[in-house]
Amino acid sequence: MSSSKFWDKIAPGYAKSKIKDIESYERKLKITQGHLTRNMNVLEIGCGTGMTAVKHSPFVNHYHATDISSAMIEIAKNRAKENQIENISFEVNDILNLSVKNNSKDAVLAMSVLHLLDNVHDGIDEIGKKLKSGALFISSTACLGDKMQFLKVLLPFMRLVGYAPSKVHFLKKKELLTVIEANNFSIIHEWQPSQTKACFIIARKL
Ligand SMILES: C[S@@+](CC[C@H](N)C(=O)[O-])C[C@H]1O[C@@H](n2cnc3c(N)ncnc32)[C@H](O)[C@@H]1O
């Protein structure tokens with residue numbers, strides 16, 4: 001199953017699912033909002049059902065929410081409408097094919113998506129291209145290579161029953177930080193609530 005088909009299929013269930021660690025989610029929202037300003041133009045990669053997009057849009061000038069899955073974007077559009085968010089636009093596209101101009105964004109968000117890309121290095125390189133110099137890259141990424149290696153055994157079965165996408169990288173936190181820095185970013189904030197939880201990183205484009 002192609003990546004977009006998998007996410008299209010699970011979109012309705014994903015929209016209904018509860019955030020597992022609401023405290024950490026809210027802390028990440030707060031830290032992110034501490035870096036957002038009213039004049040910023042923000043891009044989000046892999047926005048899913050738009051939950052985070054809707055929370056951040058009121059703090060910026062414009063928010064472009066993108067995702068490879070049209071079903072996810074459809075839900076995100078409805079969520080924005082319900083919340084009367086008007087400074088938001090949507091795009092169904094792979095991170096590597098976005099219509100966004102290079103050097104045009106003040107911040108790019110990638111929440112729970114980097115480890116699902118075909119190539120993490122290429123994805124982060126693309127994010128770097130979309131950002132202005134000095135702009136921010138904000139991400140939260142499952143670093144499954146550190147303490148969640150056991151999932152490697154379970155993944156083939158999960159895929160078989162349609163519970164896992166075709167691509168899942170078992171990144172280690174150290175590797176992720178190295179890839180981000182190798183793509184011309186300087187890490188300015190890093191927080192991981194526990195070793196089994198996603199790593200939240202804010203980096204500045206040099
Ligand atoms: C685990 S969900 C996270 C959604 C949302 N960011 C969140 O935190 O709830 C991963 C999302 O990334 C999207 N995605 C996966 N591969 C992608 C790609 N190559 N380009 C853009 N989006 C992608 C999926 O469609 C899905 O909506």
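Figure 1. As in every view here, what you see comes from a predicted model. Start by finding the residues of helix 5 that are hidden from the surface: Val 120, Gly 123, Ile 124, Glu 126, Ile 127, Gly 128 and Lys 130 are buried. Then look at the start of helix 5, where a side-chain oxygen of Asn 119 comes to within 3.0 Å of the backbone nitrogen of His 121.

**Figure 2. Ile 45, Ile 124, Ile 127 and Phe 137 touch the most other members of the largest nonpolar core, which has 26 residues.** Several elements share in building this core: strand 1 (41-45), strand 4 (105-111), helix 5 (120-130), strand 5 (131-141), helix 8 (173-182) and strand 7 (199-205) each bring at least two residues to it. Which helix gives the most to this core? Helix 8 does, with four residues. Here is a general idea to keep in mind: in soluble globular proteins, nonpolar side chains tend to be buried together.

**Figure 3. The ligand has 18 residues around it, and Tyr 14, Gly 46, Asp 67, Asp 94 and Met 111 come nearest.** A polar side-chain atom of Tyr 14 is 2.9 Å from an oxygen atom of the ligand. For Asp 67, a polar side-chain atom lies 2.5 Å from a ligand oxygen atom. Ile 68 takes part through its backbone, with an N or O atom 3.3 Å from a nitrogen atom of the ligand. How much of the ligand's own accessible area of 590 Å² does the protein cover? The protein covers 90% of that area.

**Figure 4. The shell around the ligand contains ten nonpolar, six polar and two charged residues.** Helix 1 (residues 3-16) gives the most to this shell, with three residues.

**Figure 5. Ser 57 sits in the loop between helix 3 (51-56) and strand 2 (62-67).** Is Ser 57 buried or exposed? Its relative accessibility is 0%, so Ser 57 counts as buried. A polar atom of the Ser 57 side chain lies 2.5 Å from the backbone oxygen of Ala 53. Beyond residues up to four places away in sequence, Ser 57 touches Tyr 63, Ile 85, Asn 87 and Ile 88.

**Figure 6. Asn 103 and Asn 184 each have a positive phi, although neither is a glycine.** Asn 103, with phi near 55°, belongs to the loop between strand 3 (88-92) and strand 4. Its relative accessible area is 49%, so Asn 103 is partly exposed. Asn 184 has phi near 75° and is found in the loop between helix 8 and strand 6. With a relative accessibility of 43%, Asn 184 counts as partly exposed.

Terms used
Residues are numbered from 1 along each chain as its sequence is written. This is a predicted model: local features need pLDDT of at least 70, side-chain atom pairs count only at pLDDT 80 or more; totals for chains, interfaces and linings use all residues. Side-chain values use heavy atoms; hydrogens and water are left out. A nonpolar core is a set of buried Ala, Val, Leu, Ile, Met, Phe, Trp, Tyr and Cys residues joined through side-chain atoms within 4.5 Å. Buried means under 20% relative accessible area, exposed over 50%, partly exposed in between (1.4 Å probe, protein chains only). A residue is near a molecule or strand if one of its heavy atoms lies within 4 Å of it. A polar contact is a pair of N or O atoms within 3.5 Å; within protein, one must be able to donate a hydrogen and the other to accept it, and residues adjacent in sequence count only if both atoms are side-chain atoms. Accessible areas come from the Shrake-Rupley method with a 1.4 Å probe; for residues, only the protein chains shown count as cover. Ala, Val, Leu, Ile, Met, Phe, Trp, Tyr, Cys and Pro count as nonpolar, Asp, Glu, Lys and Arg as charged, and the others, Gly among them, as polar. Contact means heavy atoms within 4.5 Å.
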